[in-house]
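Here's a quick briefing to read with the model open in your viewer.

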Amino acid sequence: MKKIIFILGCLLFIFCITGCKSSESKVQEEKTLEQIISENNYILLDVRSEEEFSKGHLVGALNIPHDVIRENLSFLDKSKVLLVYCRSGNRSKLAYNTLKGLGYQVYDLGAYDSIDLEKE
């Protein structure tokens, strides 16, 4: 019984430490994102379909659907940070993983409706 309580205590401790680090990383990422935006050192990349993009998008965003990113790398400047987004966050996550794997600096902004930047 004492072993079970000890093991549960250890697991709880590890869970708390992991959760705290995730929160700290999120805050640090947000600060970095704010800094990137203030320095204007980014490219907004909408990875939704052309139809979705035409219905509304972030001001200044490029539209490259997630499934054709590899074919359109010539449009992307590696010296800038890519801020990717889509409708729900699923395609932007795929685009994030692809671009990160190709050596780009990337931030996944997630879902279009939850982004607090100017829209058109």
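Which residue stands opposite Tyr 85 of strand 3? That's Asp 46. A heads-up before going on: this is a predicted model, where local features need pLDDT of at least 70, side-chain atom pairs count only at pLDDT 80 or more, and totals for chains, interfaces and linings use all residues. Residues are numbered from 1 along each chain as its sequence is written, and side-chain values use heavy atoms, with hydrogens and water left out.

- Four strands make up an open sheet, ordered 2-1-3-4, with parallel pairing. Strand 2 and strand 4 are the edge strands, each pairing on one side only.
- Strand 1 (residues 42-46) runs parallel to strand 3, and five bridges join them.
- Strand 3, helix 3 (residues 90-101) and strand 4 give a right-handed β-α-β unit. Right-handed means that, with the strands pointing away from the viewer, the path from the first strand over the helix to the second runs clockwise.

**What's covered**

- Strand 3 (residues 81-86) has six of its six residues buried, where buried means under 20% relative accessible area, exposed over 50% and partly exposed in between (1.4 Å probe, protein chains only).
- Both faces of that strand are covered: Val 81, Leu 83 and Tyr 85 are on one side, with Leu 82, Val 84 and Cys 86 on the other.
- Strand 4 is largely enclosed by the rest of the structure, because five of its six residues are buried.

- Tyr 85 and Tyr 112 form it, stacked at 5.8 Å centre to centre with 25° between the planes.
- Since Tyr 85 is in strand 3 and Tyr 112 in the segment after strand 4, the pair ties together parts that are 27 residues apart in sequence.
- The cut-offs: rings of Phe, Tyr and Trp (its six-membered ring) pair if their centres lie within 6.5 Å, and planes under 30 degrees apart count as stacked, over 60 as edge-to-face and the rest as tilted.
- Tyr 85 counts as buried at 0% relative accessibility, and Tyr 112 is buried too, with a relative accessible area of 12%.

**Charges over rings**

- The charged end of Lys 119 sits over the ring of Tyr 112, 4.5 Å from its centre. That label needs NZ of Lys or CZ of Arg within 6 Å of the ring centre and within 35 degrees of the ring normal.
- Lys 78 lies over the face of Tyr 104, at 5.1 Å from the ring centre.

**Around His 57**

- His 57 lies in the loop between helix 2 (50-54) and strand 2 (62-63), and is buried with a relative accessible area of 13%.
- Leaving out residues up to four places away in sequence, His 57 touches Asp 46, Arg 48, Tyr 85, Tyr 112, Glu 118, Lys 119 and Glu 120; contact means heavy atoms within 4.5 Å.

Key
Helices (H or I, at least four residues) and strands (E, at least two) are DSSP runs, numbered from the N terminus. Two strands pair if DSSP finds at least two bridges between them.
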